[in-house]
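Grab a pencil and work through these exercises with the model open beside you. Try each task before you read its solution.

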Amino acid sequence: MPNSFKLTLNLEAEFFFQQGLRRNKVQEFEVAIANLDTALRCKPDYPEAWFQKGFALGSLGRHEDAITCFDEMLKLRSNDSWVWHNRAIALGKLERHQEALNSFDRAIEFNPNAATIWHNRGLTLCDLQQYQQAIVSFNQCLKLQPDAYWAWNNKGNAQRELRRYEEALNSYDRAIEFHVDNVMAWFNRGVTLNEWKHYQKAIKSFDGALSIQPNNYKAWLNKGIAWEHIENYDEAIASYNQAAKLQPNDPVIWYNTARCYAQKHNIPVAVANLEQAISLCPEYLETIKSHSDFDKISSDQRFQALFQSP
């Protein structure tokens with residue numbers, strides 16, 4: 001190939017690569033891919049173009065195709081930690097978690113001081129239910145970036161899975177220290193306190209989450225669960241009602257509300273809520289029939305009518 005022709009192809013490849021890069025930055029991924037394909041036709045051994053095409057494909061949810069692009073780049077530049085990292089992310093999206101972990105390990109081999117890689121490796125270990133090893137990865141991330149509130153939050157999640165509740169609370173507190181409006185840390189703190197049976201403190205944490213994000217229906221739902229555990233059924237119902245306004249298609253909310261009304265021996269409203277739960281999730285019918293939650297009203301004809309065929 002004459003040098004002048006090769007130079008022309010290289011210039012064309014650079015032009016279309018830059019066009020693709022710009023499109024990626026403004027999230028116009030289909031157009032980006034078209035430009036990057038043109039760049040790669042001009043210059044097949046263009047590692048950056050393979051990487052950017054893989055990024056665009058991954059952003060469109062085409063993770064298998066993204067992995068193919070990352071593999072093409074690694075043939076050209078096998079020591080690029082961020083390609084290994086993005087390859088691992090794509091594998092994780094496909095629930096190929098062990099392969100993802102292997103890719104994260106290669107990324108760390110080439111870039112051991114990248115806090116993000118250690119963090120995302122920890123998330124993959126959580127997906128594999130290897131929570132102790134996940135904590136080790138989160139700790140390494142936090143050694144490199146002590147104010148990474150997201151890593152403190154996910155470390156807390158791993159500790160909660162191991163039922164190390166006090167340690168989990170300390171991690172959530174550090175997350176909140178570095179980002180006071182971190183709604184997930186407040187929420188996860190409340191869930192941990194619920195699991196630890198510290199219900200009044202859990203309510204305060206859910207209030208913290210709701211002060212930041214009033215439309216967080218899961219915070220309202222879990223706040224209701226905490227109220228229910230301390231047998232304050234009116235407050236529980238009020239919280240469940242807020243959750244139902246925000247997410248009326250969650251059968252758990254209607255079931256829990258019915259459970260509270262059953263405890264208050266308000267049979268018509270309990271039955272109405274159960275009917276709503278069953279309409280959303282017919283499997284609840286068997287649960288309701290056998291569960292002690294409804295012992296107080298189980299002999300009532302209106303409750304029994306739920307199990308009669310239409």
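This is a predicted model: local features need pLDDT of at least 70, side-chain atom pairs count only at pLDDT 80 or more; totals for chains, interfaces and linings use all residues.

**Exercise 1.** Find what Asp 293 is in contact with, leaving aside its neighbours within four places in sequence.

*Solution.* Start with the cut-off: contact means heavy atoms within 4.5 Å. Residues are numbered from 1 along each chain as its sequence is written, and side-chain values use heavy atoms, with hydrogens and water left out.

Next, look at Tyr 255: its side chain makes a polar contact with the side chain of Asp 293, at 3.0 Å. (A polar contact is a pair of N or O atoms within 3.5 Å; within protein, one must be able to donate a hydrogen and the other to accept it, and residues adjacent in sequence count only if both atoms are side-chain atoms.)

**Exercise 2.** Is Asp 293 buried or exposed?

*Solution.* Buried means under 20% relative accessible area, exposed over 50%, partly exposed in between (1.4 Å probe, protein chains only). Asp 293 has 15% relative accessibility, so it counts as buried. Across the chain, buried residues make up 48% of the 310 residues.

**Exercise 3.** Work out where Asp 293 sits in the chain's secondary structure.

*Solution.* Helices (H or I, at least four residues) and strands (E, at least two) are DSSP runs, numbered from the N terminus. The chain has 18 helices and 0 strands. Asp 293 lies in the loop between helix H17 (284–290) and helix H18 (301–304).
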